[in-house]
Amino acid sequence: MSPNPSPLHSLSALGQSVWVDFLSRDSIRGGHLQELIDRDAVVGATSNPTIFQKAMATGEAYDEQLNELRAAGTSDVKELFWALAEQDVREACDVFRPVWDSGSGRDGYVSLEVAPDLAYDTLSTFGEAMRLHDEVDRPNLKVKIPATKPGLAAIEDVIAKGRSINVTLIFSLGRYAEVAESYVRGIERLVAEGGDPRGVASVASFFVSRIDTEGDRRLDEIGGHDHLKGRLAVANAKLAYQHFKAVFAGPRWEFLAAKRATPQRVLWASTSTKNPDYPDTLYVEELIGADTVNTMPEETIAAYQDHGRPQARLETELTQARRLFDELARAGVDYDDLTDTLEREGVEKFSDSFDQLLDGLREKQSSLAPA
């Protein structure tokens with residue numbers, strides 16, 4: 001590291017890992033992903049149906065493999081997608097493998113999400129997560145499972161089988177508590193069955209900016225409470241971090257830690273600022289703390305490198321954070337309804353992106369077909 005580290009390198013010194021919310025074949029094979037690692041201290045990557053939709057819809061990066069798959073007799077569009085996505089993630093895992101090796105498995109992961117239409121199906125989610133781990137066949141893969149009620153059991157079962165998981169679409173403190181419990185129970189089962197927890201890593205992806213977007217919208221409908229806007233997402237994350245510290249401490253966890261189990265770190269997702277009136281690095285600056293991950297789109301990475309002010313702020317103003325929940329309730333904002341809505345809409349948005357992605361692959365498949 002240089003004598004004057006960049007803002008993102010300084011986050012690492014404060015205990016926070018930077019992952020990029022972006023993945024495409026061009027970026028992997030063209031060296032851009034390696035640039036992000038070298039220049040911007042990026043130590044992991046995550047994908048979702050929306051990211052793959054953007055990557056696969058344009059350009060020619062996937063044409064050769066599509067032609068090969070067609071020649072081999074693969075015509076089902078879902079099978080085509082998984083073949084393309086698994087290859088991208090496999091190659092990205094290889095790019096990050098030195099990071100994974102040098103950090104004893106703390107970072108260097110790439111995340112691949114189960115199909116969003118399985119979000120409310122426990123058994124199918126479990127089966128798909130296990131299949132993806134087998135197909136990609138990389139130790140630094142994390143399969144993403146949505147934190148729906150049915151997803152919780154699948155998360156525990158996959159962890160108990162010794163596989164790494166990125167739990168996604170977490171919005172509420174209550175659901176986060178259930179996610180952390182599912183992870184701990186999964187590790188306990190793995191250890192009880194004689195398994196080695198050292199190869200298991202997990203993050204709990206807490207979505208941030210969408211909470212302010214929905215909270216502000218509801219405050220606008222109510223009217224007269226502008227001083228409460230733009231504060232819920234950070235307060236929510238700060239209290240989630242306090243729960244993280246409580247869960248991964250004490251006798252129950254210490255027993256598992258003695259077996260070399262690692263805590264399920266909290267990951268801040270959806271950290272680009274949606275409201276142009278808010279600072280573009282708001283959800284980086286306010287959420288810096290030890291044993292956390294911030295997954296950022298490239299524009300947020302560039303903004304933070306340009307004018308970030310690294311300082312551990314995640315455990316500041318906790319009293320104000322707790323008080324905010326009471327203030328919002330008195331104003332008429334129903335926190336449980338807000339977070340339930342965001343979870344439902346989050347699944348729907350990824351499902352819509354997945355459908356659009358499949359439609360785009362059908363069109364591309366047709367355009368490549370011989371006349």
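Reader: Which exposed residues does the face of α5 turned away from its buried side carry?

Author: That face carries Glu 64 and Ala 71. Exposed means over 50% relative accessible area, buried under 20%, and partly exposed in between, with a 1.4 Å probe and protein chains only. Helices (H or I, at least four residues) and strands (E, at least two) are DSSP runs, numbered from the N terminus. This is a predicted model, in which local features need pLDDT of at least 70 and side-chain atom pairs count only at pLDDT 80 or more, while totals for chains, interfaces and linings use all residues. Residues are numbered from 1 along each chain as its sequence is written, and side-chain values use heavy atoms, with hydrogens and water left out.

Reader: What makes the buried residues of α5 line one face of the helix?

Author: The buried residues of α5 (residues 63-71) are Asp 63, Gln 65, Leu 66 and Leu 69. Down the axis of α5 they fall within an arc of 165 degrees, so they line one face; the arc is that of the directions from the helix axis to the C-beta atoms. In general, an α-helix has 3.6 residues a turn, so residues three or four places apart point the same way.

Reader: Which helices do the buried residues of α5 pack against?

Author: They pack against α2 (25-29), α6 and α16 (335-368). Just after α5, Gly 73 has a positive phi of about 95 degrees.

Reader: Why is Gln 53 called buried?

Author: Gln 53, in helix α4 (residues 49-57), has a relative accessibility of 19%, so it counts as buried. Ala 55 also lies in α4, and at 15% Ala 55 counts as buried.

Reader: What does the side chain of Gln 53 make a polar contact with?

Author: Its partner is the side chain of Gln 356, at 2.8 Å. A polar contact is a pair of N or O atoms within 3.5 Å; within protein, one must be able to donate a hydrogen and the other to accept it, and residues adjacent in sequence count only if both atoms are side-chain atoms. Contact in general means heavy atoms within 4.5 Å. Leaving aside neighbours within four places in sequence, Gln 53 is in contact with Ser 353, Gln 356 and Leu 357.

Reader: Why is the pair of Phe 81 and Phe 354 called edge-to-face?

Author: Rings of Phe, Tyr and Trp (its six-membered ring) pair if their centres lie within 6.5 Å; planes under 30 degrees apart count as stacked, over 60 as edge-to-face and the rest as tilted. The structure holds 13 aromatic pairs. In this one the centres are 5.4 Å apart and the planes at 85 degrees, so the pair is edge-to-face. Phe 81 lies in α6 and Phe 354 in α16, so the pair ties together parts 273 residues apart in sequence. Phe 81 is buried at 2% relative accessible area, and Phe 354 is buried at 3%.

Reader: What makes Tyr 176 and Phe 206 an edge-to-face pair?

Author: Their rings are 6.0 Å centre to centre, with 80 degrees between the planes. Tyr 176 is in helix α9 (residues 173-192) and Phe 206 in strand β6 (residues 202-207), 30 residues apart. Both are buried.

Reader: How do you know that Arg 131 sits over the ring of Trp 82?

Author: The charged end of Arg 131 is 5.5 Å from the ring centre. A charge sits over a ring if NZ of Lys or CZ of Arg is within 6 Å of the ring centre and within 35 degrees of the ring normal. Arg 210 lies over the face of Phe 350, at 5.8 Å from the ring centre.
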